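Here are a few exercises to work through with the model open beside you. Try each task before reading its solution.

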Amino acid sequence: MATRVDAAKLERLVSDLLVAAGVPREDADIVGYVLTKTDLRGTESHGTARLSYYYLHNVRQGLINPRPKVRTVAEGPSYLVLDADNGLGHPVAYRAMQRCLEKAKESGVCCATVRHSNHFGAAGIYAMMALEHDMMGLAFTNSQPLTIPTFGRQRVLGTNPIALAAPAGVELPFVLDMATSVVPIGRIEVYRRRGEQVPHGWGADADGQPTTDPDRILEGGGLMPLGGPAESGGYKGYGLAAMVDVLSGVLSGAAILNGVLPPRLDRSGDANVGHFLMALDVSAFRPVDEFRETMDSFVRQLRDSPKAVGQERIYIAGEKEFLTEQDRRANGVPLNPVVEEDLRGLCHDTGVAWPF
């Protein structure tokens, strides 16, 4: 059974563990914020569960630069190109979005690309940074090859997420944060930790055939693109994943497709992950109050449309996550026993005090 823990203490623990590994406090705090915010919103696959394997171990092994010198490659009123110097993905993406928001106040819109980066966690966290500024935010990233192209059997594409956040008025913001695979790889890992089979259509084995065995998906197989097999529309997810790689990889100058190296200790070079971030100032397009009113109407029309037989509620993108965050801020963030054991082990190894 998962233990409920205080979110603020969890955020500080993540930061302390990274500082113990040589990461500057200001960068560690950003990672702590992003991972804990992700857990608060219920996306366990991209939260603190990834701290050890995806980030800390690679910093310690020299595969991620703990103190990068992020370089501005090119910059203009509405664009920004950054080189992350093989640092953690979270700080550079967070600061790139901050700069996009600042520039969008003047130009109406700003896009940023990042090259030579690493996994940056949940894309939606960066898109949501725009909400408090009366802006819309978008965030894309490519990633290690985990997804099989339609009619293929080898991992070529990443899960390549798409995130968009738009403010509303009295209604909750619209926050879409989705992988372009049926599910992110972390969801398969969650099922394996629980000893459960995954739903049909989530992944394929080494022959490209659908399987419900998480081990066969993770060891030699891969994820299905959004939509699953071709006959159920998987070619659309395949196309979306490729689109994200064009923006995040090709445009940024980062690695592309299976050139993006996975976050594991036997890789031979930098991961060279690429990100694409964008901010749009609503006031540049129409009055903010009008936009918020229309978004409220948009949300209500979707939510109040006729329900399928047996269904009581239609949810809007991000709504379940906001409700989950309200519960977890009040009652604590549940830590999976495996994740808790891992974090306790990290504390033991580094001398960082267990705060709970």
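Leaving aside neighbours within four places in sequence, Leu-51 is in contact (heavy atoms within 4.5 Å) with Val-14, Leu-17, Leu-18, Leu-35, Leu-56, Leu-343 and Leu-346. The model is predicted, so local features need pLDDT of at least 70 and side-chain atom pairs count only at pLDDT 80 or more, while totals for chains, interfaces and linings use all residues. Residues are numbered from 1 along each chain as its sequence is written, and side-chain values use heavy atoms, with hydrogens and water left out.

**Exercise 1.** Find which residues touch the most other members of the largest nonpolar core, and which element gives the most to this core.

*Solution.* Start with the term: a nonpolar core is a set of buried Ala, Val, Leu, Ile, Met, Phe, Trp, Tyr and Cys residues joined through side-chain atoms within 4.5 Å. Buried means under 20% relative accessible area, exposed over 50%, and partly exposed in between, with a 1.4 Å probe and protein chains only. Next, pick out the residues: of the 37 in the largest core, Leu-17, Leu-18, Leu-51, Leu-88, Ile-188 and Leu-343 touch the most other members. Then list the elements giving two or more residues: H1, H2, helix H3 (51-60), helix H6 (185-194), helix H7 (214-218), strand E12 (333-335) and helix H11 (337-350). Among these, H1 gives the most, with six residues. Helices (H or I, at least four residues) and strands (E, at least two) are DSSP runs, numbered from the N terminus.

**Exercise 2.** Describe how H1 and H2 cross, and sort their contact residues by class.

*Solution.* First take the axes, which are lines fitted to C-alpha atoms, for helices over the stretch in contact, with angles from 0 to 180 degrees between N-to-C directions. Those of H1 (residues 7-20) and H2 (residues 25-40) come within 8 Å and cross at roughly 140°. The two helices are therefore oblique to each other; angles under 35 degrees count as roughly parallel, over 145 as roughly antiparallel, 65 to 115 as roughly perpendicular and the rest as oblique. By class, the contact has ten nonpolar, three polar and six charged residues. Here Ala, Val, Leu, Ile, Met, Phe, Trp, Tyr, Cys and Pro count as nonpolar, Asp, Glu, Lys and Arg as charged, and the others, Gly among them, as polar.

**Exercise 3.** Decide why H3 is largely enclosed by the rest of the structure.

*Solution.* Seven of the ten residues of H3 are buried, so this helix is largely enclosed. The buried ones are Leu-51, Ser-52, Tyr-54, Tyr-55, Leu-56, Asn-58 and Val-59. Their cover includes H1, H2, helix H4 (89-107), H6 and H11.
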